[in-house]
Amino acid sequence: MSDLLWQKPGVTVDAEIQRFLAGDDVLLDREFFLHDIQASTAHAEGLQHIGILSADELAGLKRELAALAEDFSIGRFVLDERYEDGHSAIEARLTERLGDAGRKIHTGRSRNDQILVATRLWLKEKLARTAALCREVAKVALERAVAEQSLPLPGYTHIQRAVVSSAGMWWAGWTEAFIDNAIRAGDTLKLVDANPLGTAAGYGVNLKLDREHTTVALGFERMQISPIYAQLSRGKFEMAALEALGAATLDLRRIAWDLSLFTSAEFGFVALPAQYTTGSSIMPNKRNPDVIELMRATHASVAAARTEIEQLLSLPSGYHRDLQASKGAIFHGFSRGLPALELLPALLANLEWREDRLRAAIDSGMYATDVAVEAAVAGIPFREAYKAAAAAADTAGQGRTPEGSLDARVSPGAAADLRLDTLRRRLVALEG
C-alpha cells in the first residue's frame, strides 16, 4: 500500500487495524472511480482559477486524469489493495506521473469530500435510469391496457375470487403506479442534484474555492451551500434515492407475486416466454418461473440497504467514519434493484394471457356485487340488496356475461371508464 496521507511520523500502522479501516473501500470505489476522476478534474480547474495551479500544471493534470480514466476503463489500471481507496489511487498515480503537481490535487479537499461528490454524481445517474425504466414500464403497461381493455380477468380480494375484472384494469393499475414511480425518481433526482465539492470535511477551507465553476462543470443544478449540511445530507440523500428505487421495486414485487400465482398450474392464466423460466434440477415435469421469483426477492435488498443507512445515521452533526459504510449500501441496493427493473419492460410486453383459463375462472358468485348494486339503483336499501345478493350468489351469473359486467362498471377508472387518455397525457408530459 502507498504511504498514507494521514500517517504520523514515528507511528507504525498496524496491518490488521488498517485492513479493518480500509474494509472493502477499494472494491467499492471501483464503482465510483470514474466519477471521482471527473470530480478531480473539475476541482483541478477550480484550483487553477484561484492560482493554486499554473495553466501548465492544470493541463498536465487533466491529461493524466483522462489517461487514468481510459486505463481504468479498459483494465490497464486496476484499483486494488495497493491503495487505501480510490482517492488515494488517483493522487498516487498523479504524483507518479507529475511529481509536485500531482501532490497538489488534494489541496482544499478531504477524502470525505471526494467520495461524497463521487457518490452524488453516481446517484444522479442511477436515479435518472430508475426514472427512465419506470417510464418504459408505464409505456408497455399503457399499450397493453389499450389493446386488452375488454379482456375479462378474475378480480381478487384477500386472494379470493371477488368480481369480474379486466386485463385493461390490471394494466392500467401498473401504468399509473409506474408513472408515479417515475415522478418520484425524478423529484428525488432534483433533491440530490446539489454539488458538495469544496465543502471538505464539513467546515470549508481557508481558500476561496471556485465552487460555482465546479457546480457547472459537473452538471449539478445547484451548489450545496452549507458545508455542515453537506454532511447532514450524507445518508439522508442516499436514503431518499433508495426510497425512490424502492417505490418501483415494491410494485415490481407485487407484479411478480401476481405472475407467480397466474403462472401456477392452479391458476394457469399466464404463459411466460421460455427464457423467463428454468428447468427443475430434479423434477423433469416442470418449468420454474425463476426470473419472476428473483424479481420478487429484489425489493428485500433495496429495503435492507435503506435500513442499513438509517441505522448509520444515529450520529451527531459533523463527519464520522461510520458514514463511509453508506457506500456499500447504495451499491448493493442499486446493483440489485436496477437489473431487475431492466428486465421488467420486456417481460410485461411478452407475457401471454390464456383467455380460456381466464373465462373459466369467472364463476357465478363474481356477479353478486353487480346484482346488489343494480338493486340499490332500483331503490332497495343497499344493506338489504347486499343480503339478497349474497343469498342468491350461486345463481347471480344467470343471463350475465363478463363483458356485460365490465360494460356496466362506469365509475371513473373502472373497466368501462379506464381514462387511459389521462394516463397517456401524464406519461407524455414525463417523456417530453
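Which element gives the most to the lining of the largest cavity? I put this question to a predicted model, and my entries follow.

**Entry 1. Cavity**

I found one cavity of 30 Å³ or more in the structure. The largest cavity has a volume of about 60 Å³. Its lining consists of His43, Gly46, Leu47, Leu197, Gly198, Leu209, Asp210, Arg211 and Thr214. Two or more of these residues come from each of α2 (25-49) and α8 (211-217). The answer to my opening question is α2, with three residues. Sorted by class, I recorded three nonpolar, four polar and two charged residues in this lining.

**Entry 2. Pocket**

I then turned to the largest pocket, which holds about 580 Å³ of space. I noted 22 lining residues, with Tyr156, Trp170, Arg254, Asp258 and Phe262 nearest the centre of the pocket. At least two lining residues are supplied by each of β1 (152-157), β2 (160-166), α7 (167-192) and α10 (236-262). The largest share, six residues, belongs to α10. By class, I listed 13 nonpolar, five polar and four charged residues for the pocket lining.

**Entry 3. Surface patch**

I looked up a nonpolar surface patch of about 440 Å², made by Val373, Val377, Phe382 and Tyr386. Both α14 (368-377) and α15 (382-391) supply at least two residues of the patch. I located Phe382 in helix α15. Phe382 counts as partly exposed because its relative accessibility is 46%, between the limits of 20% and 50%.

**Entry 4. Salt bridges**

I recorded 25 salt bridges in the structure. Side chains of opposite charge can pair when their charged atoms come close.

Glu176 forms a salt bridge with Arg426, with 4.0 Å between the closest N and O atoms. This pair links distant parts of the chain, 250 residues apart: Glu176 lies in helix α7 and Arg426 in helix α17 (residues 420-431). I found Glu176 partly exposed at 38% relative accessibility, and Arg426 partly exposed at 28%.

Where do Glu310 and Arg306 lie? I placed both in helix α11 (residues 290-312), where they are separated by about one helical turn because they are four residues apart. Glu310 is partly exposed, with a relative accessible area of 37%, and Arg306 is partly exposed, with 22%.

Finally, I noted a network of salt bridges that links Arg63, Glu64 and Arg97.

How values were computed. Residues numbered from 1 in each chain as written. Predicted model: local features only at pLDDT ≥ 70, side-chain atom pairs only at ≥ 80, totals over all residues. Heavy atoms only, no water. 1 Å grid on protein atoms, 1.4 Å probe; cavity = no way out; pocket = protein on both sides within 12 Å on 5 of 7 lines; lining within 4 Å. Points joined across faces, edges and corners; volume = space filled by probe spheres on them. Nonpolar A, V, L, I, M, F, W, Y, C, P; charged D, E, K, R; others polar. Patch = residues over 30% accessible without salt bridge, like charges linked within 9 Å, V, L, I, M, F, W, Y side chains within 5 Å. Areas by Shrake-Rupley, 256 points an atom, 1.4 Å probe, with all protein chains shown as cover. Salt bridge = Lys/Arg side-chain N within 4 Å of Asp/Glu carboxyl O. Buried < 20%, exposed > 50% of the residue type's maximum accessible area, 1.4 Å probe, protein only.
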